[in-house]
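This briefing is meant for a reader who is meeting the structure for the first time. Please look through the sequence and the 3D view before reading the notes that follow.

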Amino acid sequence: AIADAAEASERAGREIRGTATGTRAEIARAVDALLGAREGADDSAREMTALREAATVVDDFAAVISEI
C-alpha cells in the first residue's frame, strides 16, 4: 500500500511538472506577443505624433495662403 501511494505520488509529481512546464511555455509566448503588441502600439504612437505635427504645418501653410 505504501509503495502504491509512493508510486502514485511520484506519477502525480511528474504530471504536475509536465503541466507546469507547458503552462510556463504558454505564458512565455503570451508575454512575447504582448511585448510585440506594445512595440507596435509605441511605433504607431510615434507615427501619429509625426503626422499630427505635419498636419499642423500644412494647416499653417493653408492659412497663410488663404490670407494672400
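A search of the whole structure finds three salt bridges, a salt bridge being a side-chain nitrogen of Lys or Arg within 4 Å of a carboxyl oxygen of Asp or Glu. The model is a predicted one, in which local features need pLDDT of at least 70 and side-chain atom pairs count only at pLDDT 80 or more, while totals for chains, interfaces and linings use all residues. Residues are numbered from 1 along each chain as its sequence is written, and side-chain values use heavy atoms, with hydrogens and water left out.

**Overall form**

- The protein chain has one helix and zero strands, where helices (H or I, at least four residues) and strands (E, at least two) are DSSP runs numbered from the N terminus.
- The radius of gyration of the protein chain is 29 Å, whereas a compact globule of 68 residues would have a value near 11 Å; the radius is taken over C-alpha atoms, and the globule rule is 2.2 Å times the number of residues to the power 0.38.
- Taken along the principal axes, the box filled by the C-alpha atoms of the protein chain is roughly 100 × 10 × 5 Å.

**Surface and exposure**

- Of the 68 residues in the protein chain, 0% are buried, with buried meaning under 20% relative accessible area, exposed over 50%, and partly exposed in between (1.4 Å probe, protein chains only).
- The protein chain has an accessible surface of about 5,900 Å², and 62% of this surface belongs to carbon and sulfur atoms; such areas come from the Shrake-Rupley method with a 1.4 Å probe, and for residues only the protein chains shown count as cover.
- Ala-1 lies in the segment before α1 (2-67), and Ala-1 counts as exposed because its relative accessibility is 85%.
- Asp-42 has its place in helix α1, and at 37% relative accessibility Asp-42 counts as partly exposed.
- Phe-61, Val-64, Ile-65 and Ile-68 make a nonpolar surface patch of about 460 Å², and one of these residues, Val-64, is found in helix α1.
- Patches are made of residues with over 30% relative accessible area and no salt bridge, with like charges joined within 9 Å and nonpolar side chains (Val, Leu, Ile, Met, Phe, Trp, Tyr) within 5 Å.

**Charges and salt bridges**

- The protein chain has 8 positive and 14 negative side chains, and the centres of the two sets lie 13 Å apart; Lys and Arg count as positive and Asp and Glu as negative, while His and the chain ends are not counted.
- Side chains of opposite charge can pair when their charged atoms come close.
- Glu-7 and Arg-11 form a salt bridge in which the closest N and O atoms are 3.4 Å apart, and both residues lie in helix α1, four residues apart, about one turn of the helix.
- Glu-7 counts as partly exposed at 47% relative accessibility, and Arg-11 also counts as partly exposed, at 38%.
- Arg-14 and Glu-10 meet through their side chains in a salt bridge (3.2 Å, N to O); they too lie in helix α1, four residues apart, and Arg-14 is partly exposed at 44% relative accessibility.
- Arg-46 forms a salt bridge with Asp-43, with the closest N and O atoms 2.3 Å apart, and these two residues of helix α1 are three residues apart, about one turn of the helix.
- Arg-46 is exposed, because its relative accessible area is 53%, whereas Asp-43 counts as partly exposed at 30% relative accessibility.

Note on methods
The place of a charge is taken as NZ of Lys, CZ of Arg, CG of Asp or CD of Glu.
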